Amino acid sequence: MGGPDVPIEPPIALRTVRGRRQWPLPKQADPNATLLVVENLRTYFTLSSGTVKAVDGVSFELHDGEALGIAGESGCGKTTTALSLLRLLPANAKVVGGSVKLFGIELATKSENALRRYRWREISVIFQGAMNALNPVLRVGDQVAEPIVERLGLPRAEANRRARELLELVGIARDRAADYPHQLSGGMRQRAMIAMALACDPAIVIGDEPTTALDVMVQAQILELLERLREQLGLSLILITHDLSVIAETCDRVMVMYAGRVAEEGPVRTVFSGPRHPYTQMLLAAIPNLDSDKRLLATIPGSPPDLRTPPPGCRFHPRCPMAMDVCREIIPEEVRYADGVRVACHLYPPSGDGTRRPIPILEVTGVDAPGVTAAPGVTGAPARGGGAAAAPAGELAP
Amino acid sequence: MNEELVRLEDLQVHFPIRGSFADAILRRRHGAVRAVDGIDLAIRRGEVLGLVGESGSGKTTTGRVIVKLTRPTGGRLLLDGQDVTAVWGGPALRDYRRRVQLIFQDPYETLNPKQTIHDFVAEPLEVQRIVPLASARERRVLEALEAAGLRPASDFAFRYPHELSGGQRQRVVIAGALVLGPELVVADEPVSMLDVSIRTEILKLMLDLRTEHGLTYLFITHDLSVAWVIADRIAVMYLGRILEIGLAEDVIRRPGNPYTQALVSVMPSPEPPEIGHRAKRQILVGETPSAAAIPTGCRFHPRCPWAARAGILERCRTAEPPLFDMGNGHAAACWLAEGGRPLPVLEATPAVVPQTAGVTGGAGPTPLPAANR
């Protein structure tokens, strides 16, 4: 399946100078506006059994050339948030409120028809399963050329030439443009998906779990590619993933979502080195870390709520080790602190100074966990077990 | 009682590549996919052995041989010191299955949507006919469900899979593996489909069960960091061979094989990188070659970062390195590890230098005429 080894660096650059657009902005664009401003976005799904408030009051910004990572467990509204920007939603979903401003242009009120000008041309998506997202009966090059013909109206020959350049940019040899998807390996298919997303030189690329189904080494290759493209093209990226480690390595800012709302948002380094929201703290303590001396993970009890009937007050309170009475009644408002972190939690009231409140980690697991006995004859592994047992609660929280 | 519960000796699984009908008549040979290509491995009683590899490494095939779903084409399989390679039916196989059980990856596909939880867990007991009394069977099923953390078990027993969450389904699958009281459980990517929160729960359950029931696990995963959390020892597979094996700490902290070294270096870490930290990564070029065309010599040599840097040893191209002992039960299959030498520290991969416009002289792709926008 390997195919020819293609050098990681392609010989050409798509955009000449970082951050400079090759194409004019849409006519109504305000050149001084923030690239993307989302305010109080709400997207509901209508089911026969009730209304699912999948996204319920989400606000965030994306600046030019920035990478924003959206994290959270399955069913927290990550993908729905991103797909709501251009209303790429299933029929039973509806954006019921909020505002989405791209270059200062309001997209939320635009008609389906008017929105089409922005789909793929200004915001494109790298979907998760490259295996399913590519059409098996079309040549890869033609699939990459299609949005160029459809959206930019270029002649076929020119679009094909550009498609081959794009393939080369993402590390696929030009002559493989004539291949069908099944002739490419998993990693190359994902690269082709990226080439497709870049076809119209969009302002924003949304990566929806772009590396989740891939092997470790291929994931590293794709992340490296995205990083290079960001550098080379000044790409603005929204990366949706359940893997916080991927965000730590590739994004500038992280937004942690829980049950359709933002729990915490801020610069990656600040949030990862001192997570404030109990949910962020628990998520981070639950990721395995090769760099850590202790081979332990924290256990997060429970699962995200059913969004047809979300719990009153803070939606995280049933799982929160720090839950107070107020959490069961009042939805916490988002507070932004001087270090750029925004957090929605009653532990951090608007009047407070935002000092971090570490949560006790109640239960840990892993071969170093207290109570885990290793095999007879397996030496070495349990040596530090006692040390871990003696460790004060909360030490796990980064 | 043998300290080694399972032992593989020079195990081979070669799948013939089937040609056309004409080829078959003319007896033209087509070669084989060498999924598992001669591995020696011992699983010690009571340990969690992490078998780590990328797709195409042969890790799942190895697991399937151990649970007797795939026939090896060569080598031996020993359980508790007894050669069971030829056991392919009858009471001996039934006895083997009672002692060795399997947990599959996807709890959504493992469970039959039309079967209750109780029936799923009870099925092995019925097949085995070891508990003839229905009431006793019932009790065994409830015990297994309780042990898998589905409490109270009687609440869960008569539900259908669609009524359960992903974590609960995986617990049901684990209960099904437990009900016969096995000694070895082969778990093939048991947590890779699960969310972080559920993943920790299941790992914890597996470790608790080891303590309570004295289980031994072969934990098959592509994720080195999960193996780091749960495994006592880690074996790294590549293209049908074990390239490295040892205590988890030795393999992760002092890898003796360049492939392991590269795998460790690219594992994303939840700690945001310092400036220049990313240069530590060694990203291998290309993907695992096909197991139908395994490179000569060391099968990793075409992708080995040492080949790109220091020039490759002639030996790497011509001779397959055996597992060299590096002390403390740690062994690595690399000519650089001969005589137990540690792998020299490889300085950072030169970070991929983006070719900027300045370098290429602005010869980017042809700009589209603005009028087309």
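User: Which residue follows helix 5 of chain B?
Analyst: You're looking at a predicted model, where local features need pLDDT of at least 70, side-chain atom pairs count only at pLDDT 80 or more, and totals for chains, interfaces and linings use all residues. Residues are numbered from 1 along each chain as its sequence is written, while chains are lettered from A and ligands numbered from 1 in the order in which they are written. Helices are DSSP runs of H or I with at least four residues, strands are runs of E with at least two, and both are numbered from the N terminus. Helix 5 of chain B is followed by a residue with a positive phi, near 50°, and that residue is Arg129(B).

User: Are helix 5 and helix 8 of chain B roughly parallel or roughly antiparallel?
Analyst: Axes are lines fitted to C-alpha atoms, for helices over the stretch in contact, and angles run from 0 to 180 degrees between N-to-C directions. Angles under 35 degrees count as roughly parallel, over 145 as roughly antiparallel, 65 to 115 as roughly perpendicular and the rest as oblique. Helix 5 and helix 8 of chain B have axes 7 Å apart and pack at an angle of about 25°. That makes helix 5 of chain B, relative to helix 8 of chain B, roughly parallel.

User: How many nonpolar residues are in the contact of helix 5 with helix 8 of chain B?
Analyst: Two residues are in contact if their C-beta atoms, placed from the backbone, lie within 7 Å. Ala, Val, Leu, Ile, Met, Phe, Trp, Tyr, Cys and Pro count as nonpolar, Asp, Glu, Lys and Arg as charged, and the others, Gly among them, as polar. From helix 5 of chain B come Ile117(B), Phe120(B), Val121(B) and Pro124(B), which meet Val172(B), Ala175(B) and Gly176(B) of helix 8 of chain B. The contact of these two helices of chain B has no charged residues and 1 polar, and its nonpolar count is 6.

User: At roughly what angle do the axes of helix 8 and helix 9 of chain B cross?
Analyst: Helix 8 spans residues 166-178 of chain B, and helix 9 spans residues 196-213 of chain B. Their axes come within 10 Å, crossing at roughly 20°.

User: Is the crossing of helix 8 and helix 9 of chain B left-handed or right-handed?
Analyst: A crossing is left-handed if the near helix is turned anticlockwise from the far one by less than a right angle, and right-handed if clockwise. For helix 8 and helix 9 of chain B, the crossing is right-handed.

User: Where does Pro152(B) sit?
Analyst: Pro152(B) is joined to Arg151(B) by a cis peptide bond, with omega about -10°. Most peptide bonds are trans. The place of Pro152(B) is the loop between two helices of chain B, helix 6 (134-147) and helix 7 (153-157).

User: Does Asn40(A) count as buried or exposed?
Analyst: Asn40(A) is in strand 1 (residues 36-47) of chain A, and its phi is positive, near 50°. With 11 C-beta neighbours inside 10 Å, Asn40(A) counts as exposed.

User: What does Asp80(B) count as, with 16 C-beta neighbours inside 10 Å?
Analyst: Asp80(B) lies in the loop between strand 4 (74-79) and strand 5 (82-83) of chain B, with a positive phi near 55°. Because of its 16 C-beta neighbours inside 10 Å, Asp80(B) counts as partly exposed.

User: How far apart are the C-alpha centres of the two domains of chain B?
Analyst: Chain B is divided into domain 1 (45-75 + 84-231) and domain 2 (255-340). Between them, 5 residues of domain 1 of chain B are in contact with 5 residues of domain 2 of chain B. Their C-alpha centres are separated by 32 Å.

Technical notes: A residue is buried if 20 or more other C-beta atoms lie within 10 Å of its own, exposed if 12 or fewer, and partly exposed in between; C-beta atoms are placed from the backbone. Domain bounds come from an automatic or database domain assignment.
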